[in-house]
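User: I am new to reading structures. Can we go through this one step by step?

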Amino acid sequence: MHHWQKALQRFLGIGQDDLFGQATIKDMQKQLGTTQDRTISPVSDSVRELQIRLNMDIF
C-alpha cells in the first residue's frame, strides 16, 4: 500500500485494507459530497472536487 492510500483511508475513517477499491472510492466520494458511483475517471465530479480541495489545501 502506498503512503497516500493509507493517509486517504485514515482521513476517511475507514479500514486500511491495502486496496484503493470501490469501497474507498465510495467513501471518498461521500466525503467530497459528489456522486457515489464508485468509479474514478478524468472527467468525474469527484476528481474535479478533489483537485479543487487539494489546490486550496483543505483536504
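User: What radius of gyration does the chain have, and which value would a compact globule of 59 residues have?

Analyst: Keep in mind that this is a predicted model. A compact globule with 59 residues would have a radius of gyration near 10 Å. The value for the chain agrees with that: 11 Å.

User: What box do the C-alpha atoms of the chain fill?

Analyst: The box is taken along the principal axes. Its size is roughly 25 × 25 × 15 Å.

User: How many helices and strands are there, and what pattern does the chain follow?

Analyst: The chain has 3 helices and 0 strands. Read along the sequence, the pattern is therefore α-α-α.

User: Which residues of helix 1 are buried, and what do they pack against?

Analyst: Helix 1 covers residues 3-12, and its buried residues are Gln5, Leu8, Gln9 and Leu12. Seen down the helix axis, they fall within an arc of 95°, so they line one face of helix 1. The element they pack against is helix 2 (22-32).

User: Why can we say that the buried residues of helix 2 line one face?

Analyst: The buried residues in helix 2 are Thr24, Ile25, Met28, Gln29 and Leu32. Viewed down the axis of helix 2, they line one face because they fall within an arc of 135°.

User: Which residues are exposed on the other side of helix 2, and what covers its buried residues?

Analyst: On the other side of helix 2, the exposed residues are Gln22, Ala23 and Lys30. The cover over the buried residues of helix 2 includes helix 1 and helix 3.

User: Is Gln31 buried, exposed or partly exposed, and which residues does it contact beyond its neighbours in sequence?

Analyst: Gln31 lies in helix 2. Its relative accessible area is 40%, which lies between the cut-offs of 20% and 50%, so Gln31 is partly exposed. Gln31 and Leu12 are 19 residues apart in sequence, yet their C-alpha atoms are 7.2 Å apart in space. Leaving aside neighbours within four places in sequence, the contacts of Gln31 are Phe11, Leu12 and Arg53.

User: Which residue forms a salt bridge with Glu49, and how far apart are the closest N and O atoms?

Analyst: A search of the whole structure finds 1 salt bridge. The partner is Arg53, and the closest N and O atoms are apart by 2.8 Å.

User: Which residues form a nonpolar patch on the surface, and where is Ile58 placed?

Analyst: The patch is made of Ile52, Met56 and Ile58, with about 300 Å² of accessible area together. Ile58 is exposed because its relative accessible area is 53%. The place of Ile58 is the segment after helix 3 (45-55).

User: What percentage of the residues of the chain count as buried?

Analyst: The chain exposes about 4200 Å², and carbon and sulfur atoms supply 52% of that area. Of the 59 residues, the share that counts as buried is 22%.

Definitions and conventions: Residues are numbered from 1 along each chain as its sequence is written. This is a predicted model: local features need pLDDT of at least 70, side-chain atom pairs count only at pLDDT 80 or more; totals for chains, interfaces and linings use all residues. Side-chain values use heavy atoms; hydrogens and water are left out. Patches are made of residues with over 30% relative accessible area and no salt bridge: like charges are joined within 9 Å, nonpolar side chains (Val, Leu, Ile, Met, Phe, Trp, Tyr) within 5 Å. Accessible areas come from the Shrake-Rupley method with a 1.4 Å probe; for residues, only the protein chains shown count as cover. A salt bridge is a side-chain nitrogen of Lys or Arg within 4 Å of a carboxyl oxygen of Asp or Glu. Helices (H or I, at least four residues) and strands (E, at least two) are DSSP runs, numbered from the N terminus. Buried means under 20% relative accessible area, exposed over 50%, partly exposed in between (1.4 Å probe, protein chains only). The arc is that of the directions from the helix axis to the C-beta atoms. Contact means heavy atoms within 4.5 Å. The radius of gyration is taken over C-alpha atoms; the globule rule is 2.2 Å times the number of residues to the power 0.38.
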